[in-house]
Amino acid sequence: MDGRGVTNYSMDKPSCGFSTETTEFDDALMSRGIVTFEQAMIAKGASPQEARRLSDIKFNKSFEAKQVAQQFDEHNKQETPEDDDDEFIRRYRQQRIKELKRDKNTIKYGDVIHISRPDWNREVNETSRSGTWVIVNLTRQTSSLSARHDELCDLVEETIRELAVKFEEVKFVFIPSTSAIENWPAENLPTLFCYRHGKMQHQLIGINALGGPGLNCLRLEWRLAQLGIVETDLEEDPLPERVSVGVATRGEVVADDYYDDDYDGVD
């Protein structure tokens, strides 16, 4: 054919001016193996040498492109777990920074603080205004009702010391009962006043309110957790310690109405 009306793919008689673009018809012929890319280029005006050069470039680039794409896919497959790890580490680092900032802004105590009446407003009311829990333990000054009662009061003090170490964010305060409240009945000991936001939130009066004669650190922790003062991993009230002698003691949790509101502003 001389090329009139039909594309001539002869390598020595191209039918039209040179162009490296192929038509859909050219692509269809090449996909079926009827013509080669070189023939398509020659038909568009390229010399046989130029057609071979273009063919080499095209198919080398295609091969290289496939290799690059394959390497990229493999790289992504390999990097995906690492990317996930990097994202996890980034989030963990941010979380730790927040925790460290929060810890830095949180005052830690870690021990009981002994105060007297003039210290009350500063150590109890003012401290609790920021949202810190302040637990005031009224201690006995001298021997009170009986030796057994004294032992229970001492047990409460020792238990609170353990809790102070465990819950550093809570401020535990000791003050002699009659120094805090004149004529406070000895039979009401042990007594805990729980302050927050500048006001007393809870009163625990008597050994039974604190966990009974078999009191231990976990039993008091459980009771404070029930009041929202501390956070605990305990799922139930721990068993009491075994005691050899039964003691009749007062024990109740009462609301704010017992305490003298005028004392909140002690200087």
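These legends describe close-up views of a predicted model.

**View 1. The largest pocket.** The largest pocket holds about 200 Å³ of space. Lining this pocket are 12 residues, and the closest to its centre are Gly131, Trp133, Glu169, Val170 and Ile229. By class, the lining of the largest pocket has 6 nonpolar, 4 polar and 2 charged residues.

**View 2. The largest cavity.** Rolling a probe the size of a water molecule over the atoms shows where empty space is left. The model has 1 cavity of 30 Å³ or more. The largest cavity has a volume of about 40 Å³. Its lining includes Asn137, Leu138, Thr139 and Arg140. Cys153, Val156 and Glu157 also line the largest cavity, as do Leu189 and Pro190. Strand β2 (134-139) and helix α5 (147-166) each supply at least two of the lining residues. The lining of the largest cavity divides into 5 nonpolar, 2 polar and 2 charged residues.

**View 3. The largest nonpolar core.** In soluble globular proteins, nonpolar side chains tend to be buried together. Here the largest nonpolar core has 25 residues. Within this core, Ile160, Phe172 and Leu220 touch the most other members. Two or more residues come from each of α5, β3 (171-176), β4 (191-196), α7 (207-210) and α8 (217-226). Helix α5 gives the largest share of this core, 5 residues.

View 4. Which residues does Ile160 contact, leaving aside its neighbours within four places in sequence? They are Val112, Asn137, Phe172, Phe174, Leu192 and Leu220.

**View 5. The aromatic pair of Trp120 and Tyr195.** A pair of aromatic rings is described by the distance of the centres and the angle of the planes. The whole structure has 2 aromatic pairs. Trp120 and Tyr195 form an edge-to-face pair, 5.9 Å centre to centre, with 80° between the planes. Trp120 lies in helix α4 (residues 120-128) and Tyr195 lies in strand β4, so the pair ties together parts that are 75 residues apart in sequence. Both Trp120 and Tyr195 are buried.

**View 6. The aromatic pair of Trp184 and Phe193.** Trp184 and Phe193 also form an edge-to-face pair. The centres are 5.8 Å apart, and the angle between the planes is 85°. The cut-off for buried is under 20%.

How values were computed: Residues numbered from 1 in each chain as written. Predicted model: local features only at pLDDT ≥ 70, side-chain atom pairs only at ≥ 80, totals over all residues. Heavy atoms only, no water. 1 Å grid on protein atoms, 1.4 Å probe; cavity = no way out; pocket = protein on both sides within 12 Å on 5 of 7 lines; lining within 4 Å. Points joined across faces, edges and corners; volume = space filled by probe spheres on them. Nonpolar A, V, L, I, M, F, W, Y, C, P; charged D, E, K, R; others polar. Helix = DSSP H or I, 4+ residues; strand = E, 2+ residues; numbered from the N terminus. Core = buried A, V, L, I, M, F, W, Y, C linked by side-chain atoms within 4.5 Å. Buried < 20%, exposed > 50% of the residue type's maximum accessible area, 1.4 Å probe, protein only. Contact = heavy atoms within 4.5 Å. Phe/Tyr/Trp six-rings, centres within 6.5 Å; stacked < 30°, edge-to-face > 60°.
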